[in-house]
Amino acid sequence: MYFGVGPKEHKKDLYGFDREYSELCEAISSQNRLIIVKGLRRTGKTSLLNAVYANLPPGKLFIDAREISGKGSSEVYSHIISRLSAYMQSRNILRNIAGAISSVELGVKVSVQRQTPLLSAMLSEIDTQAGRAKKTFCIFIDEAQMLKQSGFDAFLAFAYDRFKNTKTVLAGSEIGLLDEFAGESSRSPLYGRVKKTIATRKFERMESLDFLRRGFSQAGKKPAEAQIEAAVDGLDGTAGWLSMYGFYALSESHASALAKTRQEGTKIVREEINAFMEQRRVAERQYLTILSALATEPLAWGKIRNYLEIRLGKAVPDSRLFAYLSALESYGLIEKRDGRYFVSDPLIKEAVSGPGR
Ligand SMILES: Nc1ncnc2c1ncn2[C@@H]1O[C@H](COP(=O)(O)OP(=O)(O)OP(=O)(O)O)[C@@H](O)[C@H]1O
Ligand SMILES: [Mg+2]
C-alpha cells in the first residue's frame with residue numbers, strides 16, 4: 001500500500017522508485033565501499049534503505065542514528081559495538097575473537113580509549129569472514145550526519161581504507177551536514193574516498209497525481225479528479241505529504257485530510273526550522289527574512305541582498321550572505337536552480353509565513 005504514515009519496508013509499497021532501488025542494489029553489489037543516499041525531507045530515503053536492506057542476504061546491519069541516546073563518542077561507539085556484538089553472536093563469529101576480546105568487555109562497559117580498537121577488531125573479524133565466504137558485510141546508517149559530533153566519520157574513513165569486504169550506506173536529510181560527514185568537504189576524514197551518491201527526489205506533478213490515484217485504487221476508492229488535483233496543488237510532490245494525505249483521506253473527507261496534512265506537515269517543518277534557528281540565534285532575523293522572501297518568490301543573489309539590506313537597515317557582506325544561503329540550502333530549507341534561490345515545499349512556505357511565525 002502506498003498510503004501510510006511510517007517509512008515503507010518493502011519495494012512493492014514504493015511508488016516510482018525502480019531506478020533508485022536498482023541503483024542502490026547495483027551500488028552495493030559492485031565495487032563501491034561508500035554509498036550515500038540523500039534527498040530532501042520526507043522524500044523516501046529511509047523507505048528506500050529499508051526496502052533494499054530487506055532484500056539483502058545476511059551479512060548486514062542497520063543503524064538508525066536517532067536511536068543512539070547521546071551524541072558523544074562514547075555513546076556512539078558503545079551503541080555500535082553492542083549492535084555489532086549482537087550481530088556477531090547471531091552469526092557465531094564472536095567466538096573467533098573471544099581470545100582477543102573477552103565477552104565481558106563487550107557492550108557499554110568498555111572505556112572510551114578501548115572502544116576504537118575493539119570496534120576495529122570486531123569489524124576486522126567480520127570483514128575477514130565475509131572475504132573468506134566471498135561475500136560482503138553491509139552497514140546502513142540512517143541520519144548519519146548526527147554522528148558527526150562523535151567523530152565517527154574518522155572511524156568510517158579508517159574502515160573504508162582497511163576493510164575491503166565492508167560497505168557502508170549513509171543516508172540523511174540534512175543534506176549539507178551529510179555531505180560534510182560523508183567527505184564532500186576537504187576537512188572531513190572521509191574526503192577523497194570514492195563514493196556513489198543516490199538521490200531521492202520529489203515527484204513531478206504527473207507522478208504525484210498518479211501516485212494518489214493508484215494509492216486510492218489500492219484501497220478500492222476513486223475520489224473526484226478535482227480533489228486529487230487540489231491535494232497536489234496544496235502539497236506538491238513530496239511523497240511523505242502525499243502519502244499522509246492519502247492515509248487520512250481514506251477515512252475522512254478530502255478537505256479535512258488536506259487540512260490535517262498541511263497542519264501536521266507544517267508543524268514538522270516548523271520544528272525543523274526552530275532546531276535550525278536554535279544553533280543560530282544571532283542571525284535568526286536574517287535567516288527568517290531570507291526564508292520569508294524566498295517563500296514569496298524565487299530570487300537571485302543580488303535581489304536577496306537588497307531585500308535583506310532594506311529589511312535590516314544595514315549592509316550585508318557577501319561572505320555573510322553566502323554563509324546564510326549555504327546553511328539554508330544545506331538543511332534543505334531552500335533550493336537553488338538557474339542562479340535563483342527559492343522555497344518549493346508549500347509546507348515550508350506555510351511554516352515561514354503562516355500563523356505561528
Ligand atoms: N516512493 C514512495 N512511495 C510511497 N510512499 C513513499 C515513498 N517515498 C516516501 N513515502 C512515504 O513518505 C513518508 C516519508 O518517507 P521516509 O520516511 O522514507 O522519507 P525520508 O526521506 O527518510 O524522510 P525524513 O527526511 O523525515 O527522514 C513515509 O510515510 C513513506 O511511507
Ligand atoms: Mg528518514
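Around ligand 1 there are 24 residues, and those that come nearest are G6, K8, K45, T46 and S47; a residue is near a molecule if one of its heavy atoms lies within 4 Å of it. This is a predicted model, in which local features need pLDDT of at least 70 and side-chain atom pairs count only at pLDDT 80 or more, while totals for chains, interfaces and linings use all residues. Residues are numbered from 1 along each chain as its sequence is written, chains are lettered from A and ligands numbered from 1 in the order in which they are written, and side-chain values use heavy atoms, with hydrogens and water left out.

The side chain of S47 places an N or O atom 2.5 Å from an oxygen atom of the ligand. A polar side-chain atom of R42 lies 3.0 Å from a ligand oxygen, and for a polar backbone atom of T43 the distance to a ligand oxygen is 3.2 Å. On its own, ligand 1 has 620 Å² of accessible area, of which the protein covers 96% (Shrake-Rupley method, 1.4 Å probe). Two elements give two or more residues to the shell around ligand 1, namely α2 (45-55) and α9 (239-249); helices here are DSSP runs of H or I with at least four residues, and strands are runs of E with at least two, numbered from the N terminus.

Turning to the helices, I28 belongs to α1 (residues 18-29). With a relative accessible area of 6%, I28 is buried (buried means under 20%, exposed over 50%, partly exposed in between, with a 1.4 Å probe and protein chains only). Beyond its neighbours within four places in sequence, I28 is in contact (heavy atoms within 4.5 Å) with I35, V52, L56, C138, F140, K167 and V169. Its C-alpha atom is separated by 9.0 Å from that of T136, 108 residues apart along the chain. T266, in helix α10 (residues 254-278), also counts as buried, at 4% relative accessibility. Not counting residues up to four places away in sequence, T266 touches T261, L347, E350 and A351.

N92, in the loop between α3 (73-90) and α4 (112-132), has a positive phi of about 60° although it is not a glycine. Its relative accessible area of 46% makes N92 partly exposed. E143, likewise not a glycine, has a positive phi near 55° and is found in the loop between β3 (137-142) and α5 (152-162). E143 is buried, with a relative accessible area of 11%.

Key:
A polar contact is a pair of N or O atoms within 3.5 Å; within protein, one must be able to donate a hydrogen and the other to accept it, and residues adjacent in sequence count only if both atoms are side-chain atoms.
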